[in-house]
Amino acid sequence: MPSIQLPPEDRRLSPHTGWTRQHWEAVADGLLAAVQPFGGPGHALINLPGPRPSFSGTRSDGLEGFARTFLLAAFRVAGAGGDDPHGLMPWYAEGLATGTRTPTPERDLTERDQVSWLAIEDRNQAMVEAASIALGLRLTRPWLWDRLDEEVRERTRAWLAGALHHTPVDNNWWLFPFTVGGFLAEAGLDHDGAARAAVVRGLAKIEQWYLGDGWYTDGRPRALDHYNGWAFHLYPVLHAHLSGDRELLDTYGVRLGAHLEGYARTFGAEGAPLHQGRSLTYRFAATAPLWAGALSGHTPLAPGTTRRLSSGTLRYFLDRGASGPDGLLSLGWFGPYPPVVQPYSGPASPYWASKGFLGLLLPPDHPVWTEPEGAAPVEHGDAVHPLTQPNWLIQSTAADGLVRLHNHGSDDQPADEVLADDPLYARLGYSTATGPVPDGPADTHFGLVVDGELSERGRIRPLGVGQGWAASAHQPRIGGTELPGVTVTSLVLAAGADELHVHLVTGAAPGTEVRHSGWAVAGDTVETRTNGPRACAAADVGGTRLISALRCVKGLNGTAATRRLPAGTAFGAVGAFPVLTGHTGSGTSLFIAAARLSRAASHPFDSPRVRTDGMVIHVVWPDGSEQEALLDPDRPTVQRRD
């Protein structure tokens, strides 16, 4: 990061990452300095360079540039007790004064007007950005809001109030008017009661999506992803903390703490969050719920562990090129990577990552900054941990620092229709070192092949999760249509670095081809090989080899193969994954594959020993422990004997 001057590492205080509060402050200062040259007249709009605008247009993108970087500036200045050596507050105050002078509906914008903010309307992006501006103003009231001219304060109030009187998208968006309402009510600007009503309404709306155990679904029946942490938990907990509302904290803080019990297990030893779900270009915003737990006092993590996870994630992305030579965050994962970017994202969208700097609100003498870093959960030893509400199984290995998510519960399908599979939600597995193939052959997937087309999972029906296992069922679909009468019941068993994937197919015509694919590894170079019933792909990533292996145990006794990915994935320029094939018999057909994702030399590849008796699968793992599973299509049961 040439544009950011970092202090020396402190390996005494931070033995895992070397980073301290001073590093966070330096990164914040560098990111903010890099965007200022792109401020337009009066700093109202910050139009950053990029490959394309969002589908909301360049005016909206400019507002986004202002709002999201202002939130970062607010964390920086509020966390320093108002100390503002770089003049951030006056700079953004001028932007407020300019942008709110003549807010304009999108349909009325003219080319001559280069400064006006978009008026907030139903389901437009301005509503999203209003939340960041309101939160920033709430955090910096003594140093910005209270020093504004009365006319500017009134114009800003009137613009923000538009969020209270328009309809958001029916998902986490309800928390945007909620956040605006929280600021206006606190500032004594709730002239018609709409601000307090927005707070009450927002909390009531998200309640319908609360599944329990700290997990929300984002508007759709099974849309589970990072929005849990950087939206559903962050906004209510931060509002409760800032308002000193102990009753709200007793509800939303407790929920956050429950969420962190599992969420903290999803970070790899290098700091990588899981590459799953939409808006991955927000990168280190994934640390926001970790900081929120420390800020509110509702966290199962020791202070040093919170900092170790968060600093690890910030370093993970910055060390891999998330910020380019110009100091700007790019649209992508490491560097620019268009396939991971949704149409709603524009050049300034990555600055949602500003939420990751929430920890700066904790004072320098807080234990989260002064205690030595603790080990991340993944570093404590191999673990397989069930997450009941998402119906996910989290599998981690200490030797190579990898975390894998076995997905038997999230599909992001709307309630009233079934869409094509989204690779970021519908795959069998996600990890901290692999990304799904964005547009091409399906990795970590089991499907039927009909007329040359591979079926999709469609809507996933969770069947349960427990110690070392997770299961689901689905009606496979091709071209948007279910295969008549066909059901696939899938079960994963896991121990150490080993996985066993079991699929029961009912209702398919005899002789139907099936395919099971493994993890897609990507890097600077890739090698593949097959050996009888085994297939393996290996990618070299910065001198480390990442291996994806797959072996037939039952039914998948066709040709073992590998599929090369010339365009790679978010993790590397070229990639590959292993594939096994088989065919259905008459009646019910059972298919079993052993799989492994590991770094070279971290684990010997000893596939588990497996014995089947009808629908009963008995497994002996390399460590000698055993599992026995009954693959009932309606309710699988699994017992473990150590």
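**Salt bridges, helices and loops**

A: Let's start with a pair: Glu-25 and Arg-21 are both buried. Keep in mind that this is a predicted model.

Q: What do Glu-25 and Arg-21 form?

A: A salt bridge, with the closest N and O atoms 3.0 Å apart. Both residues sit in helix α1, residues 21-35. They are four residues apart, about one turn of the helix.

Q: How many salt bridges does a search of the whole structure find?

A: The search finds 28.

Q: Which residue does Glu-64 pair with?

A: Arg-68. The closest N and O atoms of that salt bridge are 3.2 Å apart. Both residues belong to helix α2, residues 58-79, and they are spaced by four residues, about one turn.

Q: Glu-64 and Arg-68, buried or exposed?

A: Glu-64 is buried, at 2% relative accessibility. Arg-68 is buried as well, also at 2%.

Q: And Glu-379, what does its side chain meet?

A: The side chain of Arg-308, in a salt bridge of 2.9 Å from N to O. Glu-379 is in the loop between α12 (367-370) and β3 (383-387), and Arg-308 is in helix α11 (residues 303-318), so this pair ties together parts that are 71 residues apart in sequence.

Q: How accessible are Glu-379 and Arg-308?

A: Glu-379 is partly exposed, at 28% relative accessibility. Arg-308 is buried, at 3%.

Q: Which residues are linked in a network of salt bridges?

A: Glu-9, Arg-11, Arg-315 and Asp-319 are linked that way.

Q: Switching to cysteines. How many disulfides?

A: The count is zero. Cys-536 is in no disulfide, and its nearest cysteine sulfur, in Cys-552, is 16 Å away.

Q: Now helix packing. How do α4 and α6 cross?

A: Helix α4 (residues 125-139) and helix α6 (residues 175-186) have axes that come within 8 Å and cross at roughly 30°. The crossing of α4 and α6 is left-handed.

Q: Which residues make the contact?

A: On α4, they include Met-127, Val-128, Ala-131, Leu-135 and Arg-138. On α6, Phe-176, Pro-177, Val-180, Phe-183 and Glu-186 are among them. By class, the contact of α4 with α6 has 11 nonpolar, two polar and two charged residues.

Q: How does α5 cross α6?

A: The axes of helix α5 (residues 150-161) and α6 come within 10 Å and cross at roughly 145°. The crossing of α5 and α6 is left-handed.

Q: Which residues meet there?

A: From α5, Arg-157, Leu-160 and Ala-161. From α6, Val-180, Phe-183 and Leu-184. The classes for α5 with α6 are five nonpolar, no polar and one charged.

Q: On to the loops. Where is Pro-221?

A: Pro-221 is in the loop between β2 (215-216) and α8 (227-243). Pro-221 is partly exposed, at 36% relative accessibility.

Q: What is Pro-221 in contact with, leaving aside its neighbours within four places in sequence?

A: Gln-413, Pro-414 and Ala-415.

Q: And how far is Pro-221 from Val-521?

A: They are 30 Å apart in space, C-alpha to C-alpha, and 300 residues apart in sequence.

Q: Backbone next. What is the phi of His-43?

A: About 65°, which is positive although His-43 is not a glycine. His-43 is in the loop between α1 and α2. His-43 is buried, at 16% relative accessibility.

Q: What about the phi of Ser-279?

A: Ser-279 has a positive phi of about 60°, and it is not a glycine. Its place is in the loop between α9 (246-263) and α10 (288-296).

Q: Is Ser-279 buried or exposed?

A: Ser-279 is buried, at 0% relative accessibility.

Conventions. Residues numbered from 1 in each chain as written. Predicted model: local features only at pLDDT ≥ 70, side-chain atom pairs only at ≥ 80, totals over all residues. Heavy atoms only, no water. Disulfide = S-S within 2.5 Å. Axes fitted to C-alpha atoms, helices over the stretch in contact; angles between N-to-C directions. Helix = DSSP H or I, 4+ residues; strand = E, 2+ residues; numbered from the N terminus. Left-handed = near helix turned anticlockwise from the far one by under 90°. Contact = heavy atoms within 4.5 Å. Nonpolar A, V, L, I, M, F, W, Y, C, P; charged D, E, K, R; others polar. Salt bridge = Lys/Arg side-chain N within 4 Å of Asp/Glu carboxyl O. Buried < 20%, exposed > 50% of the residue type's maximum accessible area, 1.4 Å probe, protein only.
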